[in-house]
Amino acid sequence: MHSVSDRNFAQVVLESSHPVLVHFLAPWCGLCRLIPPLLQQVQLDWEGNLKLVSINADENFRLANTYRIKTLPTLILFERGQVIHRLEDLQAREDILKMSNFLRMEQFARSA
């Protein structure tokens, strides 16, 4: 997963020609460390048409504030610079699986 900061966020996320799933995290967040393998599976499901990036909310306070990150982890799906889905208050793996199912439906809708 590619790490993004305040400096390259606009170029990597907002200007991307593919949808981008942003994982806001922090090193002290246990659940944040469990999510990447599930997100990588989601990326495989999108057959390379989904970009995954992570943002350390502690080191990129301005971005965390801009997107009103109140809990970690938070996942935000961007397309053409716009937020199209947001998942917060993740408590367990089942919440990630719900996000995965949503993303699969989004991917299916795009290919239809």
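Buried residues make up 44% of the 112 residues in the protein; buried means under 20% relative accessible area, exposed over 50% and partly exposed in between, with a 1.4 Å probe and protein chains only. This is a predicted model, in which local features need pLDDT of at least 70, side-chain atom pairs count only at pLDDT 80 or more, and totals for chains, interfaces and linings use all residues. Residues are numbered from 1 along each chain as its sequence is written, and side-chain values use heavy atoms, with hydrogens and water left out.

**Overall layout**
- The protein has four helices and five strands. These are DSSP runs, numbered from the N terminus: helices are H or I with at least four residues, strands are E with at least two.
- The order from the N terminus is β-α-β-α-β-α-β-β-α.
- Of the contacts between residues at least 6 apart in sequence, 67% join residues at least 24 apart. Contact means heavy atoms within 4.5 Å.

- Five strands form an open sheet in the order 1-3-2-4-5, with mixed pairing. Two strands pair if DSSP finds at least two bridges between them.
- Strand 1 (2-3) and strand 5 (82-87) are at the edges; each has a single partner strand, so one side of each lacks a neighbour in the sheet.
- Strand 1 and strand 3 run parallel and are joined by two bridges. His2 stands opposite Val53 in strand 3.
- Helix 2 lies across strand 2, strand 3 and strand 4. It runs at about 175° to strand 2; axes are lines fitted to C-alpha atoms, for helices over the stretch in contact, and angles run from 0 to 180 degrees between N-to-C directions.

**Nonpolar cores**
- The largest nonpolar core has 18 residues, of which Leu21, Leu50, Leu75, Met99 and Leu103 touch the most other members. Such a core is a set of buried Ala, Val, Leu, Ile, Met, Phe, Trp, Tyr and Cys residues joined through side-chain atoms within 4.5 Å.
- Strand 2 (20-25), helix 2 (30-45), strand 4 (74-79) and helix 4 (93-111) each give two or more residues to this core. Helix 2 gives the most, with five residues.
- A second, separate core of 16 residues includes Val22, Phe24, Ile76 and Phe78.
- Beyond its neighbours within four places in sequence, Leu50 is in contact with Pro19, Val20, Leu21, Val42, Gln43 and Leu77.

**Asn56**
- Asn56 lies in strand 3 (residues 51-56). Asn56 counts as buried because its relative accessibility is 12%.
- A polar atom of the Asn56 side chain lies 2.9 Å from the backbone nitrogen of Asp58.
- Leaving out neighbours within four places in sequence, Asn56 is in contact with Leu25, Ala26 and Pro27.

Notes
Polar contact = N/O pair within 3.5 Å; in protein donor to acceptor, adjacent residues only side chain to side chain.
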